[in-house]
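Subject: Structure handover

Hello,

Here is the structure I promised to pass on. Please open it and keep it beside this message as you read.

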Amino acid sequence: MAEQAIMKSSPENDDSKLENCDKKKEDLILDPEFFSCMLQPLPSNSNPNYIGIRRLLLHRKAQSSVLRRKDWRCNGKGYVAFRNYINRPRNWESSQIPSYPSTPGQSGQWIPSPSPISHMFEVDSWSTSRDLRSGSRALSFRTSVSSNASDTEIPRRKGEPAYSFVGMHCIFDQCKAMVTVIKFGHMSSDLLAYGASDGSLTVCTVSTSPAVLKQLTGHTKDVTDFDFSANNQYITSSSIDKTVRVWDILKGLCMRVIYGISPQLCIRFHPVNNNFLSVGNANNEIMVFNFSTGRTISKATFDSEVTAMDHDHTGQLIFCGDAKGCVYTVSMDSHTGALSRFHRNRSSGKHNSPVTTVQYRTFSLLSRGPVLLTFSQDGSLSFFSISLEIQGYLTLRCALKLAPRLHSIRASFCPLLSLEKGEFIVAGSEDANVYFYDLTRPKHTCVNKLQGHGYPVIGIAWNHGENLLASSDFGGTVIVWKRAKTS
C-alpha cells in the first residue's frame, strides 16, 4: 500500500517541484542585482560558507534607512521612539508622572507636557510596562546676547486661550511623498498650496467644502519653495532639479521655465513690484529675474548656499540665511532690482547648520518694531530686532535651543492677535507634533503641542484670517487645524 501511494503521488509532486525549481533558477538568473553579487571576486584563503552568506546578504540588502524607519514599528511605536527609549536617563522611570492619554478625540486640542524630564527629548513616546512619554527638549532663553537660562521646571499646564483648537478642519492625504513646503495664498484665508519631494505642486481650497483645485506637475525633483503672486493668479516654484517654474493657477499650466546651473532652494516675489522674482540657489547666489521675460536682472554672492529668504514689507530689504547658519541683510532697489549686501550675522553655534526658515514681521511686542525669525536645522531658533536707523541691522533679542532636526523643518510666527499675551512661535518637530513657544517667558517657554500627524512635521503655515493652521509631514499628509473662537 505504501509503495502504491508513493507511485501515485510521486509523478505530480516531482513535476511541480521541478517547475518551481526552474522558476526560481530563472528568477535568480534574470535578477541583475543577484547576478552582480555572484560575480564578486572570491578572495584567496576564504571560507566558502562565509562568501555564500555575504553574497546572499548583499542581494537582500535593506532599503534606504529613511524609508525603513518610516515603516518600522515595535509595540505600536516608531523607530525614533525606540531610539530615544534605549538612550533614556537612568532615573527615567522614577522621574515619570502619570501621562495623559493620547486619543483621536484629543487631536487638535492642547495637550499638556507631562513631566520635567520630557524637556530632555523632543521625540515620540515609547512604553514598556509603563506609558513613558517624551515632550519638548530643554530650551534656553536669552533676553540678550550674553544672558541665558535653561527651562528645566515643569511647564505651564494651562493652554493659552488665544491658541485653543477645536479640532481638524480637513485633511489632504492624496500625496504619497514628503510635503516639503506649505503656504496659504497672499492675503487669503482659504487658498492653500503645498509642494512635495516628488516634484508636484498641489493647490487646494479649505473653505466649507475642502477640495483639491489643481495638481501642477513639471518638476522632476523636490520642490524646495514656492510663492504666490500678489493677486494669487500665479505661483512660482523652485526645485532641486535646477529650475524655476511659473504656473498659472486657473489654467493649471506651466507658463515659463527658468533653467539654472545649480539647485534652486528658495524663492520670493517682490512685495511691491511683482515683476521681480528673487531666487536663492546652491551656487551661493541670490538671482533677481524679470517675471515677464525670465531674464536675469542682477545677482549677489554669498559665502554658502542660500537656503531661505524673505522680503521686508517695503521690498527694499531681503533677509536670507545660508547653509552655514549665517543671516544676511541685502538691499534691493525696487525700481532696477539691483542688489547690494549690507550686514551679516554669524551663527553662534559650534557647528554650521543650514537655515530652514527666515520670516519677517512688521511689529513685535518685544522690540516695538520690525523683527526677524530664523530657524536652523540644528534646532536653533533666533529672534532678531531690525534697526530702522542702520538699514537692516539685526540685533539678537532672544533664542531657543530645540532638539536638532534630521529634516528641513520650518517654523513660523503666530498671528498678531496674540501680541497682548506674548510672542508666540509655532514649529514642526521630528516626533510628529506641532509645538508652540512663547518667547516672552524665560521659563516654561514651550506652551503646548498639537497631536495628529504620524510622521515628522515639516511645514507650517497660518492663513490670513488667522483661524486656520496648516501643517505637513514626511508621509505626505496635510492637516488643517481649526482654531477656537476667542472672545
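Below are the notes on strands, cores and salt bridges.

First, the ground rules. This is a predicted model, where local features need pLDDT of at least 70, side-chain atom pairs count only at pLDDT 80 or more, and totals for chains, interfaces and linings use all residues. Residues are numbered from 1 along each chain as its sequence is written, and side-chain values use heavy atoms, with hydrogens and water left out.

**Strands**

Strands are DSSP runs of E, at least two residues, numbered from the N terminus. Two strands pair if DSSP finds at least two bridges between them.

Start with β8, residues 201-205. Of its 5 residues, 5 are buried (buried means under 20% relative accessible area, exposed over 50%, partly exposed in between, with a 1.4 Å probe and protein chains only). In a regular strand, side chains alternate between the two faces of the sheet. Both faces of β8 are covered. L201, V203 and T205 sit on one side, T202 and C204 on the other.

β8 has antiparallel neighbours. It pairs with β7 (residues 191-196) over 5 bridges, and L191 has T205 as its bridge partner. The hairpin of β7 and β8 has 4 residues between the strands, and G199 there takes a positive phi near 90°. β8 also pairs with β9 (residues 211-216) over 5 bridges. Here T205 is partnered by A211. The β8 and β9 hairpin has 5 residues between its strands.

Next, find the open sheet of 4 strands, in the order β14-β15-β16-β17, with antiparallel pairing. β14 (264-269) and β17 (296-301) are the edge strands, each pairing on one side only. Within this sheet, 5 bridges join β16 (residues 285-290) to β17.

**One buried threonine**

T236 lies in β11, residues 234-239. Is T236 buried or exposed? It counts as buried, because its relative accessibility is 0%. A polar atom of its side chain lies 3.4 Å from the backbone oxygen of R245.

**Cores**

A nonpolar core is a set of buried Ala, Val, Leu, Ile, Met, Phe, Trp, Tyr and Cys residues joined through side-chain atoms within 4.5 Å. The largest has 20 residues, and L381, I425, Y437 and L439 touch the most other members. β23 gives the largest share, 3 residues. A second, separate core has 17 residues, including Y194, C204, A470 and V478.

**Salt bridges**

A salt bridge is a side-chain nitrogen of Lys or Arg within 4 Å of a carboxyl oxygen of Asp or Glu. How many salt bridges does the structure hold? There are 7.

- D225 and R268 meet at 2.7 Å, N to O. They are 43 residues apart, in β10 and β14.
- R344 and D303 have their closest N and O atoms 2.2 Å apart. R344 is in β21 and D303 in the loop between β17 and β18, 41 residues apart. R344 is partly exposed at 34%, and D303 is partly exposed at 37%.
- E423 and R361 meet at 2.6 Å, N to O. They are 62 residues apart, with E423 in the loop between β26 and β27 and R361 in β22. Both are buried.

One pair also belongs to a network: K183, D225, R268 and D310 are linked by salt bridges.

Best wishes

Key:
A polar contact is a pair of N or O atoms within 3.5 Å; within protein, one must be able to donate a hydrogen and the other to accept it, and residues adjacent in sequence count only if both atoms are side-chain atoms.
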